[in-house]
Structures are given as C-alpha cells and as structure tokens.
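Here is a briefing on strand pairing, crossovers and a ligand shell. Please read it alongside the model.

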Amino acid sequence: MKPHSHDLPPLDQRRRPLGSLRLSITDRCNLRCGYCMPGEDYQWLPARDILSFEEALRLTGLFADLGATRLRLTGGEPLLRKNADKLVAMLCAAGRFEEVAMTTNGLGLGRYAVALKEAGLDRLTISLDSLVPERVARLSGRDSLAQVLEGIDAAAAAGFTGTKLDTVVMAGENDDELADLLAFGAERDIEVRFIEYMDVPGALEWKPALVTTRAEMLASIGAAVGVRPEPFGERGSAPAGRYRLPSGARHGGRDLSGLVFGVIASTSSPFCAACDRSRVTADGMWYLCLYAKLGVNLLELIRSGVSDDELRARPAGGWSERADRGAELRLEEVDRQAFVGDGADPHLEMHTRGG
Ligand code: SAM
Ligand code: SF4
Ligand code: SF4
C-alpha cells in the first residue's frame, strides 16, 4: 500500500532523506575476512528469527513507501541464502525499487549468475581484495581467488553490466596492487572501488596504521600509471568519490587513459552528511548507521500482526529522529583504536549488519 499523498517521505534530523535500504538476507558466510569476521566462533542468528521471503517482501515495501528507491541485498554472503534467486525474483517482481542490486563475495556466481539475471537483479558488486592467490587466501581465510574469478566471468556471461569490484585497501597487505586491480577492471569493463579499511564493529584488528587513506591511494595509483588521477563527476549521496585517469595512463602494458574508478574514503573523510542508508539484518533488526549499537526490532513488530499503517509508523518515526553520524564521530576520537565486536551481540558484527 502506498503512503497517503500528504505523508511526504520523512527527512532525518540532519535533513537527509531515506534513499536506500541494505537488506542482509543471511548472516552466514563461506569466507572469514579478518576485517569483518575475526575468528571462527560465532553466535549465529537463530533460524527461527530469519525473515521469511514474504516478511522480507513486506518490510522492503515499507521502506519503499518511506522513500527508498534503491535496494541492495547483502549479508553475510547473500548467495548462501537458500533460493536467493527466488527471493530476488519476488523483490524485483514487486517493482517497488528503481534498482535492486547485490553485494557478494562472488563465490556463488558461477552457480547463480544466470538465475539472478533472469530473476531481474539489476546490478552486482563483487568484493575482491587482491589478485594474488596467497593473499586472497590469507585475507579471506580460504583459497578462493580462482572461484571468485570464475564468478566474475559468469556474471558477465549472464549479461550483467555495470558490475563493480569493491576492494578494501590495507596498508602492507594489498596497497601495492591498486594499479593491477584497475587494469584487471579495465579488461573486464568493471569499475573498481577502493574502500578505506574501516573500524566497524567486528574489525578487531583495526589500527590507524593499517589504513591506506584516499590521498595515499591516489598517490600510489598516480605513481604506478605515470599520471595523476583527476576527480570525475558529481558525488551526490553515493559514498564513492570518482576519479578518472587522464590520457597517458599506462600499467602492465595497457593503456588506462580515461579509466574511471571510485574511492570510498569512509575512514579519513566520512560521507555521513549525505548518508541516506538504512540497514536491516537478516532477522529484521533495523539500524540507522553502520556504527549504531542499538537497533529497532522490526521482526517482532511484523510478527505481532500489526497493519501496514502501524508497521510503517515505526520506521517513519525512527528515520525522522535519526541524527547518526557514526564515522564522523569516530574521526573525532583522539586515540582511535578498534571499535567493538567482542561477540556479545552478534548484531554488532559487520557480517551480520551487512556492509
Ligand atoms: N559477503 C559479501 C561481500 O563480501 O561482498 C557481502 C557482505 S560484506 C560485509 C560487504 C562489504 O563490506 C564487502 O565489500 C567488504 O569488503 C566490506 N567490509 C567488511 N568489513 C570491512 C571493513 N572493516 N572495512 C571496509 N569494508 C569492509
Ligand atoms: Fe568477507 Fe563478505 Fe564474508 Fe564479511 S561477509 S567475511 S566481507 S565475504
Ligand atoms: Fe551513514 Fe553511519 Fe556510515 Fe556515517 S557512519 S555514512 S551515518 S552509515
């Protein structure tokens, strides 16, 4: 049901609209990236609490009513959710969003790419931190590079365009590979986005010294390709600042002139002022910020038998009270150390909350 015409979508306390919803569809993952899921012991969300497909459909519709135009499915690893393609088909068929996208580690794309395309998924973002097999194995806890590369090819073969590759850049781990990753993306027509290592809950090993900042990334790319990247296009509410390599850019025998890439400077230069994101975990906890310690239990509400109007009132009210600016507050910390994530509440961890 649509909201009444006099009910304009709410703005939050900092006059930010609710523009996008990131829905985690499972907290399970087949990798163990150290910056996201440190260790092996997890308190997994109980199966009975996981949103059914019908509940997910109802909840996403509610956020569409409140103004969200983009839906991103994430996790954990979203392709570990049984019949993920069927869920995508249901969400796309409902037609409530201008775009339905998915962030995946790519391992399941060999199997699922065609089904996801047929289900109507608009776009994919695939996470990959290195092109060196041993590094991928160390960073993700599994020798997974070959399967991810197969997944990337399977996505292209299935007809996905506009695919993005997200790379978390860590000093001393993969910060010497940025130009290699750009050349890899250029070959496949995939836009690469470099993400600063964030001290999100779950990143227990995070230290300021491990962060490669946007300025350092741009300098390193410039040195490797022989010309300085230049800013490109408008930013809007998108977290990634975009850059273009001017003519003369070369790397590994390849002409990279005109290549566009993104940098998400969430640690050194947070974009909270324009943040229009809402996050819902696989068990229906709603978080207004990646760093929020408290969420709103929408699962309880949805299972209590309330009407759509009553259900909608909760997020509408929550969003209009939102003042969150977690990453900006982290930046103000004097002696900044890892945030939290000692396993006390599984909802705090990045793999539960969805990146
Ligand atoms: N499993 C899927 C994947 O890896 O693409 C989706 C969920 S994952 C939590 C979403 C994104 O969060 C990934 O691109 C991952 O690299 C990013 N991420 C996780 N921990 C991070 C951290 N500490 N700093 C920056 N990005 C992080
Ligand atoms: Fe890595 Fe994504 Fe799994 Fe986290 S959820 S461990 S980032 S693959
Ligand atoms: Fe948005 Fe919170 Fe991230 Fe800032 S820290 S950009 S408010 S999710």
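E2, helix H2 (residues 84-94) and E3 form a right-handed β-α-β unit. Right-handed means that, with the strands pointing away from the viewer, the path from the first strand over the helix to the second runs clockwise. Helices (H or I, at least four residues) and strands (E, at least two) are DSSP runs, numbered from the N terminus. This is a predicted model: local features need pLDDT of at least 70, side-chain atom pairs count only at pLDDT 80 or more, and totals for chains, interfaces and linings use all residues. Residues are numbered from 1 along each chain as its sequence is written, chains are lettered from A and ligands numbered from 1 in the order written, and side-chain values use heavy atoms, without hydrogens and water.

**Strand pairing** (at least two DSSP bridges between two strands)
- Strand E2 (residues 70-74) pairs with E3 in the parallel sense over 4 bridges.
- Arg70 sits opposite Glu99 in E3.
- E3 and strand E4 (residues 123-127) run parallel, joined by 4 bridges.
- Ala101 faces Arg123 in E4.
- From E3 the chain crosses through helix H3 (residues 109-119) to E4, in a right-handed β-α-β crossover.

**Burial of E3** (buried: under 20% relative accessible area, 1.4 Å probe, protein chains only)
- In strand E3 (residues 99-104), 6 of its 6 residues are buried.
- Glu99, Ala101 and Thr103 point one way, and Val100, Met102 and Thr104 the other.
- In a regular strand, side chains alternate between the two faces of the sheet.

**Ligand 3** (a residue is near if one of its heavy atoms lies within 4 Å)
- The residues surrounding ligand 3 include Cys272, Cys275, Cys289, Arg279 and Asp324.
- Its shell divides into 7 nonpolar, 1 polar and 4 charged residues.
- Ala, Val, Leu, Ile, Met, Phe, Trp, Tyr, Cys and Pro count as nonpolar, Asp, Glu, Lys and Arg as charged, and the others, Gly among them, as polar.

Conventions
Buried < 20%, exposed > 50% of the residue type's maximum accessible area, 1.4 Å probe, protein only.
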